[in-house]
Amino acid sequence: MKTYIFLFSTLAFFSCSAPSNKQEQANTDTTGLTSQPATNNTYPSRVFAQGILDNTIQPSDNNETFACLDSLDDDNADTRQFYFQVYRVIAQKSDGALSEVVGSYTKSYMQLFPQEALNYYKTFDDKEKNLFIDNLAYEFYASGSDYEQDIQNYFSEIENICKDCLSDNIMLDIKKQITAKAAAMNQ
């Protein structure tokens with residue numbers, strides 16, 4: 001009798017823990033990126049991102065938009081390049097809770113890939129440059145009263161990753177603008 005209970009328990013455990021092939025197929029979109037199964041409320045990340053770029057999907061405070069923003073920190077440069085274009089649209093269209101989150105992704109991206117961020121920043125028009133700075137400044141403002149030290153530490157970390165970045169006057173100007181805007185927010 002004990003043998004039957006053991007066999008039944010083992011069979012039940014393995015049958016519950018192994019995903020079916022249909023589940024595995026539903027969790028992979030056609031680009032090979034893993035994502036949630038498509039339903040009325042969720043889309044595979046790349047499909048959702050393309051919808052944002054095509055202006056058929058409005059970015060909002062949801063998991064799909066956050067998945068797109070998460071891809072800014074991807075190790076693959078091609079993935080980052082695609083999702084940076086999506087990020088730009090999200091940043092320009094964000095409002096409310098989403099706009100409060102965009103800054104954290106901006107900050108993380110610039111910290112991890114400073115040369116890339118600087119190269120993109122150089123291509124922005126003045127409106128987009130201001131938005132980029134505002135998003136970063138808000139993150140430092142929100143970090144507390146010691147935002148000036150946080151900014152100093154942040155740019156020191158960037159310098160450790162990219163020695164040439166801070167020798168570029170544009171990066172120094174970004175630092176100065178962030179400090180000034182965070183100070184204005186703090187008053």
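Which side chain meets Glu128 in a salt bridge? The side chain of Arg88 does, at 2.7 Å from N to O. A salt bridge here is a side-chain nitrogen of Lys or Arg within 4 Å of a carboxyl oxygen of Asp or Glu. Arg88 sits in helix α5 and Glu128 in helix α8, 40 residues apart. Both Arg88 and Glu128 are buried, that is, under 20% relative accessible area, where exposed is over 50% and partly exposed is in between (1.4 Å probe, protein chains only).

This is a predicted model, in which local features need pLDDT of at least 70 and side-chain atom pairs count only at pLDDT 80 or more, while totals for chains, interfaces and linings use all residues. Residues are numbered from 1 along each chain as its sequence is written, and side-chain values use heavy atoms, leaving out hydrogens and water.

The structure holds three salt bridges. In one of them, Glu116 pairs with Arg80, with the closest N and O atoms 2.6 Å apart. Glu116 belongs to helix α7 (residues 114-123) and Arg80 to helix α5 (residues 77-93), so this pair ties together parts 36 residues apart in sequence. Arg80 counts as buried at 6% relative accessibility, whereas Glu116, at 22%, counts as partly exposed.

Helix α8 (residues 126-142) also packs with helix α6 (residues 97-112), at an angle of about 95° and with the axes 8 Å apart. That makes α6 roughly perpendicular to α8, a term for angles of 65 to 115 degrees. Residues of α6 including Val102 and Met110 meet residues of α8, among them Phe132 and Leu136; contact means heavy atoms within 4.5 Å.

Terms used. Axes are lines fitted to C-alpha atoms, for helices over the stretch in contact, and angles run from 0 to 180 degrees between N-to-C directions. Helices (H or I, at least four residues) and strands (E, at least two) are DSSP runs, numbered from the N terminus. Angles under 35 degrees count as roughly parallel, over 145 as roughly antiparallel, 65 to 115 as roughly perpendicular and the rest as oblique.
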